[in-house]
Amino acid sequence: MDYFRICPMDHMLRFCFIWLLLNIFCQSASAGVNFSELRAIVNSEETSIEERLEALRAYVQENTRVDAEEFTELTEQFWSLELTTEQLAALAYCQARGFTNSSRPGSALALLDSVLALDEGRNFSQAALFDLYYERGRSQHRYNEAEKGWTKALSDFERALEIAESMGDLNAQVTAHDALGMVQDHFNNRQTANEHYSFIMQFSDREEKRAQARYNIALQFYKDRLTRDTALVYMLDAREMWKQSQNLKKVGLSTVSIANCYREKKQYSQAIEEYKYALEIGVATSPRVTCYEYLGFIASEQNRFEDAFDYFDKALKFDADQKNKRRAYINTKLGALYVKLGQPEKAQLLCTEMLTLVLNNDKLNDYRRATRLTDCYDCLADANFELNMYSDALKFRDLHDSSEQAFKMIDADEDAMLKMELFEYQDLREKEKRRIMDKQKDDQNKLLVLIVLLLIIFAIFITSRYRFTRKQSQLISTQRQQLQDRQKELIRANAELEIALNHKAVFLSNMSHEIRTPLNAIVGMSNLAAKEDMAEVAQKYLRNIVTASSNLIDIVNDILDFSKLEAGKLEIIQEPFSVADALEVAENVMRIPAEQKGLFFEVEGDSSLPQYLEGDASRLNQVLINLVGNAIKFTLDGGVTMKASVGSLPPLPKWCPTPSVQHSDWFIVRVVDTGIGIPADKLEKIFESFNQGDQLKTRKFGGTGLGLSISKQIVELQGGVIWVESVDGEGSTFAFALPALASSGGVNAEEAVSDDTEIGPLRILIAEDNPFNVIVTEDTLRSELKEVEIGKAENGRIAFEKVRDEEWDLVLMDIHMPEMSGLEATTAIRKLSNSKSETLIVAMTASVLREETDSYIRHGMNGFVPKPFQVEQLLSEIRRLKKETKQPPKKAPVTLPALRILIAEDNPFNVIVAEDTLRSEIPNVTIGKAVNGKEAFEAVRDGEWDLVLMDIAMPEMTGLEATSAIRKLSDPEKSSTTIIAMTASVLKEETDHYLQKGMDGFVPKPFKVEQLLGEIQRAHLSNT
């Protein structure tokens, strides 16, 4: 009941809540370890010895406080079995660790000594030796009866470190350095201990170990008054790391140390705040005593006497649970408080009582007795002085000085003994090294004799083989010539392959253009004809023409996307998008084909769906339309339902790989149909390229077999997963999950282009050399726009002249035209000296590769509409441009000085885009190029560059490797060259990694001009 009197109820509630959290955290942390299951595996005679030993190792490593008898029974059964060398070492390690964990280090030491004595005959592996030496070091310093246990532990830990370094095992090195730091702490060798802890901070991949190493270094700095500020910084960093890992115990201990730092610096307000924070999060009893004791001391220093008495009282109450370890120290501070209040009699009485207790306590060693007597005599001296008992005060002051001198001498003696022990250890190490060197010399002499004998035998063997070798020389020469010829053929074939790959992009562009150009006329004229009154049969034929043309466009798009994915060039952007809009687009596009087949089509969005998410909306729509289109295609009766929700990842089929990233929330879409279904043995292969499941059933439905493969790769590029569940003949459910990256907003409502925006009267010039496409475009515009005046130009030169000499609001510009191409005509128009240079120009072309569409914008065009075009798509682009012409520019242009910029990029299209953008935006810019990371490094090393635009994935040397090499250059100006990463890899952990590796900035691909220029300005100016 005394405890509840001194502890307010709100504190009690806090303590209970924190205890509950700790319980939950500990249970969740250990949830992954089933000790009953591990014991069952260890005892199972049907399981292999290797698996049983692995379970034994897991059991003893996870359960740090093993039951001695139970663990002995688990391990003893293995000694009667036939064990290999490695199994014997593993068993000895496990049993010794169990002994040490159950407070039997002597048994562990005896076992390890006997096993290590077998090393020369058994030849243990380095990994096994590391475990054995490390564990023996642990048992050495914990075994009180071991002579020079700490010195022997130091020897074993250093041997373990040597083994870890020879293996190149970084985790093992971290473990050994941690143990060595602890031992050097014991020997008061602060500098060496800090070197070990610094290694852990630099190389450990575990947050907990780095935090502990930082805290250990802080404790070393705390011992010196001059480095106490540094200690405080390290402690604050360590506590923050422990907070992130939710280690409340470590947070509490570090908070007490931080409070002590502030108290030593007399920053009492910060110290009080930290002591109270430590008490609030529920530290153990011993640090709780420290908190109350020093809160009382500070209150006394600040003349808050009631608070001081209250804190000292609480400290004494909690210290009673610790067997009154600090009772003398606390009471002497309480006595000093009485003296300060003018009550020296109470102080004299209290300190006399404490003096009697200390003198009669036989359990105290000389050092602790001397420190406690020092405090008691100091308090009695002050009390007697205040009572005008000067002779007694002087006597107690002399006794105080004697006690203080005594514990300082004990300190010095212990320090000298530690140094002597360490010196003896170093001497023994030197002797051991000399012994090893002498042994190595003897071994070398023996080896030399053996080598001489082997050389003699070898000479005899060579002589006997000479004739045979001469006979074989001609055959070897012939084979060598054949290999050289084969190598030349491979080099020639490789060169031809590179040429073919370079032509592939050109082929895909031409193929797309040549197919889309006539399709534009076919689709356009069919749509226009469908508006006329004609027979039902003709209307049916026209619908079939449009459907067939759309299928052909889908096939072309699938082939282009598949080729990009195959080459690793498909780009995924990350930007806010409206979830409702994405679902609505898929619904609007796919409702018509569903209704044409007499199927129902429903979209169900969960109420928990956020308004906006981060991602690639166009690629999401591509996947949605692909899956819904497939469902409609293979469904004859019933219908299709698309369901969208946000939540945890559902259970996946066994054949489905897990996502490449881990997230708590996922954007999940399911497309459920009542179609023909998929056989169970085809589910795993349904997402393979050119695979349509059961060919006999699906042949009549058509398609390339690429849609699902493309969808799978698009989903996986965004860190998601796609799968299918189906019953043959009963329908299928295709589903995918993407990381639900929440976004605070998407497109500004004021910036969105409304479909009913009034376009108004327009004068539109159609620049097109294909007469059919001219007819389609003209008739479409006249049928959709009320007040429109149409002009025509059959090549780029005529288009330029008409814009120069006449007034036009908008030019629909084809790209591939005779005499002057669309790009050349656009460039010429932009160079006009009057306002006609700002005429709106929209590219209308069948060339739709990303590199090509980027080039259109770079050459000055305002927009892009692919052929064959959709009417709404064309009208939407016209509305957007009309709206933009009415709005002032949002941002002032970025101004940059003349710069020398090196473009490190292996993709020629990206090089062209970056170079032309820089030349058009930066005056007097000097451009250099490097096709790989090695060339980029050499260019910076040998030249003078202000800035490098560095791609990440490049041959010979990656962008990160090149950046690391540049930062190591001896010339400080070149090593500090501004480097900006340009890559399509835009995940947060990746971009942070670029900056950690020495890059100064980051621009995602595809880049926006303002974004690129702004990052160049920011990174370069901040670097200079």
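This is a predicted model: local features need pLDDT of at least 70, side-chain atom pairs count only at pLDDT 80 or more; totals for chains, interfaces and linings use all residues.
I will start with the surface. Glu50, Glu51, Glu54 and Glu86 make up a negative patch there. The main contributor is helix α4, residues 49-62, which supplies three residues to the patch. Glutamate 86 belongs to helix α6, residues 85-101.

Next, the aromatic rings. There are 13 aromatic pairs in the structure. One of them is phenylalanine 130 with tyrosine 134: the ring centres are 6.1 Å apart and the planes are at 5°, so this pair is stacked. Planes under 30 degrees apart are what that label requires. Both residues sit in helix α9, residues 126-142, and because they are four residues apart, about one helical turn separates them. Phenylalanine 130 and tyrosine 134 are both buried.

Another pair is tyrosine 215 with tryptophan 242, and this one is edge-to-face, with 5.6 Å from centre to centre and 65° between the planes. What does the pair tie together? Tyrosine 215 is in helix α13, residues 207-222, and tryptophan 242 is in helix α14, residues 228-244, so the contact ties together parts that are 27 residues apart in sequence. Tyrosine 215 counts as buried because its relative accessibility is 10%. For tryptophan 242 the value is 1%, so tryptophan 242 counts as buried too.

Phe130 and Tyr134 form one aromatic cluster together with Phe157.

Key: Residues are numbered from 1 along each chain as its sequence is written. Side-chain values use heavy atoms; hydrogens and water are left out. Patches are made of residues with over 30% relative accessible area and no salt bridge: like charges are joined within 9 Å, nonpolar side chains (Val, Leu, Ile, Met, Phe, Trp, Tyr) within 5 Å. Accessible areas come from the Shrake-Rupley method with a 1.4 Å probe; for residues, only the protein chains shown count as cover. A salt bridge is a side-chain nitrogen of Lys or Arg within 4 Å of a carboxyl oxygen of Asp or Glu. Lys and Arg count as positive and Asp and Glu as negative; His and the chain ends are not counted. The place of a charge is taken as NZ of Lys, CZ of Arg, CG of Asp or CD of Glu. Helices (H or I, at least four residues) and strands (E, at least two) are DSSP runs, numbered from the N terminus. Rings of Phe, Tyr and Trp (its six-membered ring) pair if their centres lie within 6.5 Å; planes under 30 degrees apart count as stacked, over 60 as edge-to-face and the rest as tilted. Buried means under 20% relative accessible area, exposed over 50%, partly exposed in between (1.4 Å probe, protein chains only).
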